[in-house]
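Me: I would like a close look at one part of this model, with its side-chain contacts set out in order. Please start from the part I ask about and then go on to related contacts elsewhere.

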Amino acid sequence: MAIGLFILAIFIQLAMVLAIFLMSLSRVTGSIVALATVIITAVISPWSLVLGIPIAVLCLILLISPLRQSLITKPVYKTLGGAMPSMSDTEREALDAGTSWWEKELFMGAPNWDTFAKYPYPELSDEEQSFIDNEVETLCAMLDEWKIQHEDKELSAEAWRFIKDNGFLGLIIPKEFGGRAFSSYAQSRVMSKIASRSPTAAVSCMVPNSLGPGELLMHYGTDEQKQRWLPGLASGDEVPCFGLTGPEAGSDAGAIPDTGVVCYGRHEGEHVLGLRMNFSKRWITLAPIATVVGLAFKMHDPEGLLGDAKKTDYGITCALIPADHEGVVVGPRHNPIGSPFMNGTVDGKDVFIPLDYIIGGVENAGRGWRMLMECLGVGRGISLPALSTSASEMTYLSVGAFAKVREQFKISVGKFEGVQDATSRMASHTYMLEAFRHLVTCGLNQGGTPSVMTAMAKYYATETMREVVNDGMDVVGGRAVQMGPRNFLATPYQAIPVSITVEGANILTRSLMIFGQGAMRCHPYLFDELQLLQSEDKHHAIREFDTLFFKHLGYTFNRGARAFVAGYVGGSSKAPSFADRFTRPYYKHINRLSASFALTADMALGLLAGDLKRKEMLSGRLADIHSHLFIATAILQFYEHGSKSEAERLHAEVALQNSLFTIQEAFESFFENFPNRFAAALVGFVTFPSGLIFTPPSDELKRQLGDAFMEDFEANPFRDYLKTMVYYNTDEDDVTGRMENAYQTLLGIEPLWQKFKKAEHKDSFAGLSFEDHVVYASQNEDITEEEAEVLIQYNAIRFDSLLTDVFDKHLSQAQPRFNPHTLENAVNQLTDYAERKRAAQAQSDAAPYDESATDTVTDTAANSIAAGAAHNAVAAEGLQTSADEPTGDDNPNHGYEPDGEVEMVAEQDSQKERQAQTDFDDSHPEIEALDARHRDAASHLNERMGNNHRSTASERAEPDSAQLQGTQLTDNADQIDTDHANTDDINHDDVNQKDRAQKTQSIDELGDSAPWQDKHRHGESKN
């Protein structure tokens, strides 16, 4: 009995502690509740004081301020103060720069789903949609990235004029200054569409709207500076660049050696106070053509000329200087890998500028780093994520089309499980990127400057794009590794390093920025505590720190209790009002993992303090957890506003499972590598008491998504949606349209194609070539004449879409590709294999077996027999004999000798007899066999083509006309054969032009209802 009461009392005490933490009771309230519980449990069982007395002592210490501060607050303050490194003004400004948004809710471990549900889903205004449908569409049609990269090495003058005249460089500038004032989401959509056509053009338009001075001027410029520069920037009359990095400063931009020293000098004939500038900038986009240069430099005032003799070093400052200012040297171009956008150097030695060139005037001297972190951080969340999303979406469309069109081992390559492992990743990653773009721009649309969120966007968008494009290269294989104007993957593949490197190198962004800034901007107490630890007024700081520290402890214990309970019963059931049966479990998982992350982050910050800054691998894993929590919520929001089709659910499910598994892997690696093993084991047990719970997507799920990846329209609405996000076309001569045209054509005739290919794989058709099989199937009435024409046309389109480029021996000029399978050239693919085989079989059946005769038959004689058999076989298969055709001995194909003893050819079974009846000088058995085959095939093919295109039933019944056309086609075929004797003499341009004209006419005349016609231009696709 006593033991039972003791256990009950201990259980009550532990439950009380857990309840205090879960309910987030204040220090005073929680201590009083704990003391009362100790007294009650002591009555139940005095032995419970074993635990009750330590609890009571701790509560008394917490309640008595002098005792609390002496025993806890001051020792903690001293320890943490010594562990934290000193902070410069620049670092303090950087940590204080920017705002926070939804990422803060996730960091704090208790996301407010009601707030999440109220976020306005980003949409385009009518003006923005019109701009994308018209101006952007027109610009994209003007661009040829192969020509830009390999011939012109820059955008054409026509493209630049169009960009400037139509406001592409002023998307962010307010309308009062002549800009378009587009939302962040609209900017992202514009850049995505341009990038889907030309990364070079996209980067050229991107920089003035993100890295350029326009953003800085709008937020910090004086009225005079805004009036001076913004109208010109909006109209394109002024082209901006911004110089931050240099030979000695890349990722560590705060270490720039460029200087500006306050002094007097002459400007426009007057003696004024200004700055003597020395700078050397590298890798500056648009610098070679810039008319105005933004510069970041360190400002010094050694003589105190600004009025404060004690302040000589002002820190990083930003100024705006005309590119033609005396002493400014815009140097030669750099050559960025994968894209020849304008990029170069900016130098200056002893360049004097007036103080009013400082952005915002003298009042903003030394505030440059904060300005850059806040304003340029916004662009980091728009431009490069937009380019990455675009590259992934174009890869999705092109590789999905290729995976269906390309067949190996008698099936589409997209049906192989190994390929589906890659394509399912591509599909889910692309879905994630589009969802990510929507949530990030949703936050930016609300006007904040969330630097942590935009750092997440930059890193995970570009890294995910790298995975998508690399997977695409693996799937497409040889079609993607051969350079040329036909290659639809080379451009995004080559541009990967630029996206990874610029606007904050990815390694630095993940290992330092995301969690480092996230802890400062998202933690409810950490930044204020850090400020107090750095305070010079220690007495006042300790009093403030006492209150803040115990709030921090309450927050940490609350998250720990949440994580512990969630480990056994699952996460909180709180979710947005729109959650459904599919999404609700994922919200529970996010609730659980968010609480676990808050506890783990506090453990790391509390135990490692300033050392965490140097534990970059641990910091990177915490960044993965935080970012994928954000990504998972983005996927859930995007799914809620999507079609909710089965195919879209597959995309979302695989993407969500990938994110949850990534989070779990990051937790596991973090605990395995945390220096304090006891703390790691304890927190690991609290967060995952039952072990690991998430698994990667199953093989079955990946197979299903791999199948959906190759579908379109109702079968995969997400693919249909992607067409509206990029420059979409089905032009058979376009780098991306060529494969899409083949894909859309296949979708329209897929049942017929599959039926034909299945029969072909079963060797149901005689012949060696595809054209042989089509003719055979048509003659046997397995397919109709119209179907035969459709098959031949699609096969030509398919073959052309799979061709890679060839060049001259110097690789300077791509050569035209000849397509042997077009309607014009199809007859040349016909062989006499079936006739030879049938003739040989006929001879074998008719003649008695004679081994000696068989051994002595010459190849020439065999060819003669085959030629004769070919004519007989053609006649037997239904060729109509004209009424006036010669008969008897006048017919050269009768099989008898013209005079002398009459003997069947098959009966001439001795070599002597065969030689006696053969004139080898006049005998051309191969030509005779092929002529018969050509006449037969040409007649039938041409008759079918003619029948398909006659407008009346009476015309379809005119055999004379068909025969005449067949004769003409036979002549043409003979001529083509002659031309093919020397392939170097073929005029490929003429052949391809005729081919395209014939295909276009044939397709159009089959009727507008033909499902394989191009009905899918941008604007007609379903969302």
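In which helix do Lys-757 and Glu-760 lie, and how many residues apart are they?

Reply: Lys-757 and Glu-760 both belong to helix α30, residues 737-761, where three residues, about one turn of the helix, separate them. Helices here are DSSP runs of H or I with at least four residues, strands are E runs of at least two, and both are numbered from the N terminus. This is a predicted model, in which local features need pLDDT of at least 70 and side-chain atom pairs count only at pLDDT 80 or more, while totals for chains, interfaces and linings use all residues. Residues are numbered from 1 along each chain as its sequence is written, and side-chain values use heavy atoms, leaving out hydrogens and water.

The side chains of Lys-757 and Glu-760 form a salt bridge, 2.7 Å from N to O; the term requires a side-chain nitrogen of Lys or Arg within 4 Å of a carboxyl oxygen of Asp or Glu. Lys-757 and Glu-760 are both buried, that is, under 20% relative accessible area, with exposed meaning over 50% and partly exposed in between (1.4 Å probe, protein chains only). Salt bridges with shared partners also join Asp-712, Arg-719, Asp-720, Lys-723 and Glu-740 into one network.

The structure holds 33 salt bridges. Arg-437 and Glu-434 form one of them, with the closest N and O atoms 2.8 Å apart. Both lie in helix α17 (residues 417-445), three residues apart, or about one turn of the helix, and both are buried.

Another salt bridge pairs Asp-546 with Arg-68, with 2.8 Å between the closest N and O atoms. Asp-546 is in helix α23 and Arg-68 in helix α4, so this pair ties together parts that are 478 residues apart in sequence. Asp-546 and Arg-68 are both buried.

Rings of Phe, Tyr and Trp (its six-membered ring) pair if their centres lie within 6.5 Å; planes under 30 degrees apart count as stacked, over 60 as edge-to-face and the rest as tilted. The count by this rule is 40 aromatic pairs. Among them, Phe-21 and Phe-557 are stacked, at 4.7 Å centre to centre with 15° between the planes. Phe-21 is partly exposed at 26% relative accessible area, and Phe-557 is partly exposed at 42%.

The ring centres of Trp-102 and Phe-116 are 4.8 Å apart and their planes are at 35°, so this pair is tilted. Trp-102 is in helix α6 (residues 102-107) and Phe-116 in helix α7 (residues 113-118), so the parts tied together are 14 residues apart in sequence. Trp-102 is buried, at 0% relative accessible area, and Phe-116 is buried at 1%. Trp-102 and Phe-116 belong to one aromatic cluster with Trp-101, Trp-113, Tyr-119 and Tyr-587.
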